[in-house]
Amino acid sequence: MFKKASEKAMNVIEASSKKTKAKLKSQEVSEIQSISAGTAILTGLSGVKMDEMLLFPGNVSGLVQTLSEDSVGVVFLDNPDHLKAGDKAIRTKRILDIPVTNDLLGRVIDPVGKALDGKGSISSKERRPIEREAYAIMDRAPVDQPLQTGLKAIDSFTPIGKGQRELILGDRQTGKTAIALDTIINQKETNVISIYCAIGQQASSVARVIADLKKHDVMRNCIVVVASGEDQAGMQYIAPYAATTIGEFFMEQGKDVLIVYDDLTNHARAYRQMSLLLRRPPGREAFPGDIFYIHSRLLERSTHLVKKRGGGSLTALPIVSTEAGNISAYIPTNIISITDGQIYLSASLFQKGIMPAIDTGRSVSRVGGDAQLPAYRSLVGPLKLFYSQFEELESFSKFGTQMDSETLERLNRGRAIRTVMEQRQFKPMKVTDQIAILMATNEGLLDGLDKERNIKAQEIISSLMNTDFKKLTQKILQCQKIDDETKQKMLSSFKQALKREKVL
C-alpha cells in the first residue's frame with residue numbers, strides 16, 4: 001500500500017517537473033553570462049528577435065540589441081544593480097512598444113509609457129512599436145504651410161514649414177532650449193500638438209521646462225517624454241523613437257504635431273556607450289559606424305502627409321550641442337546632412353546680449369521659404385540684403401573711417417534690423433505683428449532709433465495692427481498679399497502714431 005502511494009507521488013512529481021520544463025522551454029528561459037554598466041550578454045534564446053523585450057528577476061526589462069550565433073546582447077531599461085551572472089531571463093515575445101491615446105495630452109511619461117506626473121497610469125487599448133518605417137515618398141505632400149515660432153529672427157530669415165526638420169545647434173547655454181520652448185508656447189492659440197522629448201537632461205532642467213509650460217498654460221496641448229541623465233542608457237536611446245511614435249499617432253488623425261528632441265548629442269552618447277559595451281566596432285571619433293543611421297531613420301519619420309493619408313504633419317526640431325562653435329564635428333555634421341536646414345546660435349552674440357543669438361550667416365532653411373505667408377515673403381528679400389551688407393560694413397566702421405551718406409544709411413538700417421530681431425524669452429509675437437514691424441523697418445521708419453525707442457515703436461505698431469488694421473490681419477492670414485495702396489496707408493498710420501507718441 002505504501003509502495004503504491006510512493007509510486008503515485010513520484011509520478012505526480014515527475015509530471016509536475018515535465019510541465020515546468022515544458023513551460024520554461026515555451027518561454028525560452030536564458031541565463032546571464034556577463035553583466036556590465038547597463039548591458040548584459042546572454043546565452044541561448046535561439047528564437048529571440050531584435051528589439052524584443054526580455055524580463056529579468058525583480059521585474060527588470062531588457063531590450064535585445066545584438067544577435068550572434070551563440071549569444072544575445074541586451075541593454076537594460078530599468079536599474080539592474082541587483083542582477084548578477086547566472087540570473088535567468090525570459091522572452092516576452094513582444095517587440096518594444098508604447099501606448100498611444102489622446103489621453104497622453106498634458107501628461108509626463110517615460111519612453112515605455114509609464115506616468116511620471118503622479119496623475120495615474122496611462123490606459124490605452126492601442127500600442128504601437130517605437131520603431132516604425134518612415135512614410136513612402138508617394139504618401140508625402142510638399143511643405144507649404146508655415147509653422148510660426150513667434151520669433152522674428154526665425155520666421156523671417158529661417159522660416160519653418162509644417163513637416164520640416166530644422167536643426168537647432170550651438171554651444172551650451174546659448175539659448176537652444178529657449179527657442180524650442182518659445183515655439184511650443186507660440187502654438188497656444190493653434191491646433192498644433194507639441195511633444196517635448198528630454199534625452200539625458202538633468203532632472204532639475206526638465207522640471208524647469210515643465211514648470212514653464214504650465215506657467216504659460218500650454219501643457220494641456222503638450223506631451224513630455226523624459227529619459228533623464230539618471231536613467232539607463234537604453235532608456236535614453238529609445239526616448240526619441242517612442243516620442244515620434246506618439247507624434248505619428250496624432251499625425252495620422254490629420255493633426256499637426258511639433259516634436260522637440262533635446263538633445264540628440266546625448267542620444268548619440270547613450271548609443272555610443274551601449275555599442276561599446278556590446279562590443280560593436282567603433283567608427284570615426286570612437287562613435288559606432290551606424291550613428292548616422294540611428295538619427296536618419298528617426299528624422300526621416302517627420303513629414304507632411306497627403307490628404308488621403310489624413311493630411312497631418314510632424315515637424316521636428318532636433319537640438320544638438322557643439323563645442324567651441326565647431327559645427328564640423330561628427331554629430332553636428334551628421335544631422336546637418338539629414339535635416340532641411342539649421343538655426344545656429346553663436347556664443348559671441350549671446351555674450352553681447354543679442355538674444356536670440358542666431359547667426360544669420362550660418363543659419364538656413366531649405367524648405368520654409370516656400371511655406372511663408374505671401375505678405376511675409378515679399379519683405380524678406382530686402383531685409384536679408386540690408387542685413388548682410390550691414391554685417392560687412394560694421395566691421396569697417398569700427399576703424400573710424402569717413403563714410404558717405406548711403407553707407408551711413410545702410411549702417412542705421414542694419415542696426416535697426418538687428419534691434420528688431422532681438423526678442424525676450426516667453427514673448428512670442430503674432431505673425432501679423434511681425435509683418436507690420438518688418439515693413440516699417442524696411443521702409444526706414446525705425447532708422448536711427450536707440451534700443452529703448454525701437455522697442456516702444458514696435459509696441460505701438462503691434463497695437464495699431466490689433467485695432468486699426470484688424471480686418472487686414474485676417475486677410476494676411478488667409479494668404480492674401482498687401483497691395484501698394486494698403487501698404488502706404490499702413491506706413492502713414494504708423495508714422496503718425498510714432499510722432500504722436502514722440503518716438504520719432
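**Close-up views of a predicted model**

**View 1. Ser-228 occupies the loop between β12 and α5 (233–251).** The structure shown here and in the following views is a predicted model. Ser-228 has a relative accessibility of 10% and therefore counts as buried, the cut-off for that class being under 20%. Leaving aside residues up to four places away in sequence, Ser-228 touches Gly-200, Gln-201 and Gln-236.

**View 2. Eight strands form an open sheet with mixed pairing.** The order of the strands across this sheet is β8-β12-β11-β13-β14-β10-β15-β16. The edges are taken by β8 (108–109) and β16 (364–365); each has a single partner strand, so one side of each is left without a neighbour in the sheet.

**View 3. Strands β10 and β14 pair in the parallel sense.** Three bridges join β10, which comprises residues 167–170, to β14, which comprises residues 313–321. In this view, Leu-169 stands opposite Val-320 of β14.

**View 4. Helix α3 (residues 176–185) lies across several strands.** The strands concerned are β10, β11 (193–199), β12 (222–227), β13 (256–262), β14 and β15 (341–345). Relative to β14, helix α3 runs at about 160°.

**View 5. Helix α13 spans residues 451–465 and packs against other helices through its buried residues.** From its first C-alpha to its last, this helix of 15 residues reaches 21 Å, close to the 21 Å expected at 1.5 Å a residue. Its buried residues are Asn-454, Ala-457, Gln-458, Ile-460, Ile-461, Ser-462, Leu-464 and Met-465. These buried residues pack against α2 (152–157), α11 (405–421), α12 (431–442), α14 (470–477) and α15 (484–500).

Technical notes:
Residues numbered from 1 in each chain as written. Predicted model: local features only at pLDDT ≥ 70, side-chain atom pairs only at ≥ 80, totals over all residues. Heavy atoms only, no water. Pairing = 2+ DSSP bridges. Helix = DSSP H or I, 4+ residues; strand = E, 2+ residues; numbered from the N terminus. Contact = heavy atoms within 4.5 Å. Axes fitted to C-alpha atoms, helices over the stretch in contact; angles between N-to-C directions. Expected span 1.5 Å × (residues − 1). Buried < 20%, exposed > 50% of the residue type's maximum accessible area, 1.4 Å probe, protein only.
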